[in-house]
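Thanks for coming. Please have a look at the structure first.

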Amino acid sequence: MAMAALRREGRRFAVSPNPIAAVRSSIFPAEEQAPLGVRSISTQIVRNRMKSVRNIQKITKAMKMVAASKLRAIQSKAENSRGLWQPFTALLGDTPSVEVKKDVIVTISSDKGLCGGINSTSVKISKALHKLTAGPDKETKYVILGEKAKAQLIRDSKKDIELNITELQKNPLNYAQVSVIADDILKNVEYDALRVVFNKFQSVVAFLPTVSTVLSPEVVEKESEAGGKLGDLDSYEVEGGETKSEILQNLTEFQFSCVMFNAVLENACSEQGARMSAMDSSSRNAGEMLDRLTLTYNRTRQASITTELIEIISGASALEG
């Protein structure tokens with residue numbers, strides 16, 4: 001009798017055969033529901049994910065444009081700096097195979113990441129050089145420029161790090177700045193050979209790991225007396241009353257500063273080119289992820305609409321029955 005009265009008043013109690021489904025319907029909105037046992041995702045979660053991916057894509061595109069502008073500014077300097085060290089190579093040579101007792105490996109890297117594998121490449125070359133130049137009567141030390149190479153080399157070669165310089169690109173690079181760093185290295189490090197490891201810029205998508213060797217004045221004089229390519233030094237006429245050792249001292253110091261200037265600029269160009277390539281790849285990946293998320297969102301939304309329609313039709317059929 002009571003149930004009949006309630007029906008006459010337009011009220012209907014439906015006893016659910018599945019109490020878990022009834023609890024779900026009272027807690028979650030209809031668009032976030034899915035049949036039990038089926039993996040589902042909320043449209044709100046997908047929308048939030050799409051928003052975050054879209055923001056990341058904007059950031060990567062902006063970083064690519066910034067890297068492109070920095071690359072244009074540095075590339076001309078790097079190309080002009082190549083004319084500084086080439087005459088020294090023609091005069092003093094570049095002999096990486098010379099064996100000395102005290103080797104110093106100058107590893108040039110960047111302070112920031114998101115630039116591909118240029119820093120890992122420099123560290124790998126430096127470690128390989130360290131193994132080649134190490135020996136019972138030999139000493140090999142590291143001089144590190146950049147935070148990224150320091151973070152990798154300090155793990156297993158902390159005792160071999162002689163000097164570490166960071167924030168090199170905080171200000172626009174110029175010869176005066178790099179020459180001060182080169183002079184600091186020469187004053188604080190004992191060496192027979194300085195081996196500068198850097199990435200030579202070739203194009204936006206390509207760089208070449210390079211090692212430039214600068215010998216100490218004593219080693220240059222010994223190699224000159226022994227003949228070979230460095231033996232041509234005696235064919236030059238010396239003016240000004242300076243001795244050969246003093247001239248070699250000045251030449252090697254100036255050679256090192258010029259090599260360092262070119263190496264820092266080449267590595268900076270390679271860094272910005274690699275960052276452009278990495279950010280372009282990240283932007284494309286974000287676009288592909290956004291397409292997949294849009295498809296997932298549309299499917300989820302369509303599934304929720306279909307579910308609502310089925311519930312309406314089922315309710316209408318129940319009322320008619």
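Let me start with the residues where α6 meets α8. On the α6 side they are Tyr175, Val178, Ser179, Ala182, Ile185 and Leu186. Their partners in α8 are Glu253, Phe254, Phe256, Ser257, Cys258, Met260 and Phe261. Sorted by class, this contact of α6 with α8 has 10 nonpolar, 2 polar and 1 charged residues. Keep in mind that this is a predicted model.

Now the geometry. Helix α6 covers residues 175–188, and helix α8 covers residues 244–320. Their axes come within 9 Å and cross at roughly 125°. An angle over 145 degrees would count as roughly antiparallel, and 65 to 115 as roughly perpendicular; α6 and α8 are therefore oblique to each other. As for handedness, α6 and α8 cross in a right-handed sense.

The second pair is α4 and α5. How far apart are the axes of α4 and α5, and at what angle do the helices pack? Helix α4, residues 118–133, packs against helix α5, residues 147–156, at about 40°, and the axes are 9 Å apart. That angle makes α4 oblique to α5. The crossing of α4 past α5 is right-handed.

Which residues make this contact? From α4 we have Asn119, Ser120, Val123 and Lys127. From α5 we have Lys148, Ala149, Gln152, Leu153 and Asp156. By class, α4 with α5 comes out at 3 nonpolar, 3 polar and 3 charged residues.

That's what I have on these two contacts.

Conventions
Residues are numbered from 1 along each chain as its sequence is written. This is a predicted model: local features need pLDDT of at least 70, side-chain atom pairs count only at pLDDT 80 or more; totals for chains, interfaces and linings use all residues. Side-chain values use heavy atoms; hydrogens and water are left out. Axes are lines fitted to C-alpha atoms, for helices over the stretch in contact, and angles run from 0 to 180 degrees between N-to-C directions. Helices (H or I, at least four residues) and strands (E, at least two) are DSSP runs, numbered from the N terminus. Angles under 35 degrees count as roughly parallel, over 145 as roughly antiparallel, 65 to 115 as roughly perpendicular and the rest as oblique. A crossing is left-handed if the near helix is turned anticlockwise from the far one by less than a right angle, and right-handed if clockwise. Contact means heavy atoms within 4.5 Å. Ala, Val, Leu, Ile, Met, Phe, Trp, Tyr, Cys and Pro count as nonpolar, Asp, Glu, Lys and Arg as charged, and the others, Gly among them, as polar.
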